[in-house]
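I opened a new notebook page today. Here is what I looked up, step by step.

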Amino acid sequence: MTLKLELSDEQLLGELIGALARHGCLVDRIAPNACRIVFPRSWTAREARLEIGLFVRAWQAHHPGVEAVLSA
């Protein structure tokens, strides 16, 4: 499953892309503030969305005020 992530601070998108890649995701930037994410280790679309969602929320905890929108 491919997910789209939009970040409110495009300056931090590169950092988040790197973190997602180290987590095992395939990520490519599709706009200054957005990227496309594939999590190949998940068995289902629901699992991928939950795993990426949890990862992004944990990342946000270290970047207060940054908003992230994850969509299919």
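I began with the radius of gyration, taken over C-alpha atoms, where the globule rule is 2.2 Å times the number of residues to the power 0.38. With 72 residues, a compact globule would come out near 11 Å, and the protein has 11 Å, so the two agree. I also noted that the C-alpha atoms fill a box of roughly 30 × 25 × 20 Å along the principal axes.

A note to myself: this is a predicted model, where local features need pLDDT of at least 70, side-chain atom pairs count only at pLDDT 80 or more, and totals for chains, interfaces and linings use all residues. Residues are numbered from 1 along each chain as its sequence is written, and side-chain values use heavy atoms, with hydrogens and water left out.

Next I read the elements, which are DSSP runs numbered from the N terminus: helices (H or I, at least four residues) and strands (E, at least two). I found two helices and four strands, in the order β-α-β-β-α-β from the N terminus on.

Then I turned to Ser42. Where is Ser42? I found Ser42 in the loop between strand S3 (34-38) and helix H2 (45-61). Is Ser42 buried or exposed? Ser42 counts as buried because its relative accessibility is 18%, and buried means under 20% relative accessible area with a 1.4 Å probe, protein chains only. A polar atom of the Ser42 side chain lies 3.0 Å from the backbone oxygen of Phe39. Leaving aside neighbours within four places in sequence, Ser42 is in contact (heavy atoms within 4.5 Å) with Glu47 and Ala48.

How values were computed
Buried means under 20% relative accessible area, exposed over 50%, partly exposed in between (1.4 Å probe, protein chains only). A polar contact is a pair of N or O atoms within 3.5 Å; within protein, one must be able to donate a hydrogen and the other to accept it, and residues adjacent in sequence count only if both atoms are side-chain atoms.
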